[in-house]
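Here is a short briefing on one protein chain. Keep the structure open while you read.

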Amino acid sequence: TSEEALAPGEIAEAKSTMDSATYRREYLASWEDFGDRAYYAFDRSTHVQPCTYDQTAPLCFAFDFNVAPGTATVFQEQINHDGHENLNREFTAVLGEVWIKDNSNTEMVCRELVRDWSHHGGNVEVYGDPAGGSRSTKGIKGTDWDIVREELGKRWGRIQVRVDSADPGHRARINALNRRLKSADGGVSM
């Protein structure tokens with residue numbers, strides 16, 4: 001196996017940066033059946049825990065520019081002060097979401113975020129689909145990211161837009177989230 005051929009440091013690095021199923025497939029030559037769940041590392045008993053919202057820490061919104069449904073996830077990067085077992089020192093706390101079933105648009109999602117989180121006193125950072133920067137036939141006001149800057153800027157002023165220049169690909173996004181849910185070394189980052 002690869003574990004016998006590689007240095008222990010390389011193995012430790014791989015385990016900390018991959019979810020367990022991907023690690024077994026890539027390093028142990030194991031056939032892995034991911035079943036019908038994209039986010040197979042999610043476990044309700046591990047990942048659904050009370051979180052503390054910090055009104056002064058940056059609040060993050062992750063956009064998915066769909067019409068049905070229109071969605072955004074609300075989260076903060078936090079520090080594990082309570083020593084929760086297997087929870088990494090730094091982790092992502094998901095605090096809420098906007099979910100508009102049908103006929104959504106970027107303005108509607110932004111207005112829901114402002115309505116639900118207008119009390120937030122810290123900075124706001126936004127993440128999401130790089131394709132939101134593309135103009136479309138409906139893009140009279142500009143790109144989806146232009147609309148996000150305008151709508152959220154009305155409440156929070158200048159916001160930080162943190163979007164990759166290119167889509168990393170479907171499989172890479174799924175692997176990254178599964179690794180944050182639980183890495184091969186057992187660490188939980190979300």
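Asn 103 is exposed, at a relative accessible area of 63%. The model is predicted.

- Asn 103 sits in the loop between strand 3 (90–100) and helix 5 (106–117).
- Its phi is near 50°, a positive value in a residue other than glycine.
- Most residues other than glycine have a negative phi, and most peptide bonds are trans.
- Ala 29 also has a positive phi, near 55°, and is not a glycine.
- Ala 29 belongs to the loop between helix 3 (20–28) and helix 4 (44–47).
- Ala 29 counts as exposed because its relative accessibility is 72%, and the cut-off for exposed is over 50%.
- The peptide bond from Ala 68 to Pro 69 is cis, with omega near 0°.
- Pro 69 is placed in the loop between strand 1 and strand 2 (70–79).

**Strand pairing**

- Strand 1 (residues 59–64) and strand 4 (residues 124–128) run parallel, joined by 5 bridges.
- Within this pairing, Phe 63 stands opposite Gly 128 of strand 4.
- Strand 4 also pairs with strand 5 (residues 160–161), in the parallel sense, over 2 bridges.
- Here Glu 125 has Gln 160, in strand 5, as its bridge partner.
- In a regular strand, side chains alternate between the two faces of the sheet.

**Surface patch**

- Tyr 39, Phe 42 and Val 48 make a nonpolar surface patch of about 250 Å².
- Tyr 39 lies in the loop between helix 3 and helix 4.
- Is Tyr 39 buried, partly exposed or exposed? Tyr 39 is partly exposed, because its relative accessible area is 36%, and that class runs between 20% and 50%.

**Whole chain**

- The protein chain has 7 helices and 5 strands.
- Read from the N terminus, the order of elements is α-α-α-α-β-β-β-α-β-α-β-α.
- The C-alpha atoms fill a box of roughly 55 × 40 × 25 Å along the principal axes.
- Of the 190 residues, 33% count as buried.
- Among contacts with a separation of 6 or more, 62% come from residues 24 or more positions apart.
- The accessible surface comes to about 11600 Å², and carbon and sulfur atoms hold 48% of it.

Definitions and conventions
Residues numbered from 1 in each chain as written. Predicted model: local features only at pLDDT ≥ 70, side-chain atom pairs only at ≥ 80, totals over all residues. Heavy atoms only, no water. Pairing = 2+ DSSP bridges. Helix = DSSP H or I, 4+ residues; strand = E, 2+ residues; numbered from the N terminus. Buried < 20%, exposed > 50% of the residue type's maximum accessible area, 1.4 Å probe, protein only. Patch = residues over 30% accessible without salt bridge, like charges linked within 9 Å, V, L, I, M, F, W, Y side chains within 5 Å. Areas by Shrake-Rupley, 256 points an atom, 1.4 Å probe, with all protein chains shown as cover. Salt bridge = Lys/Arg side-chain N within 4 Å of Asp/Glu carboxyl O. Contact = heavy atoms within 4.5 Å.
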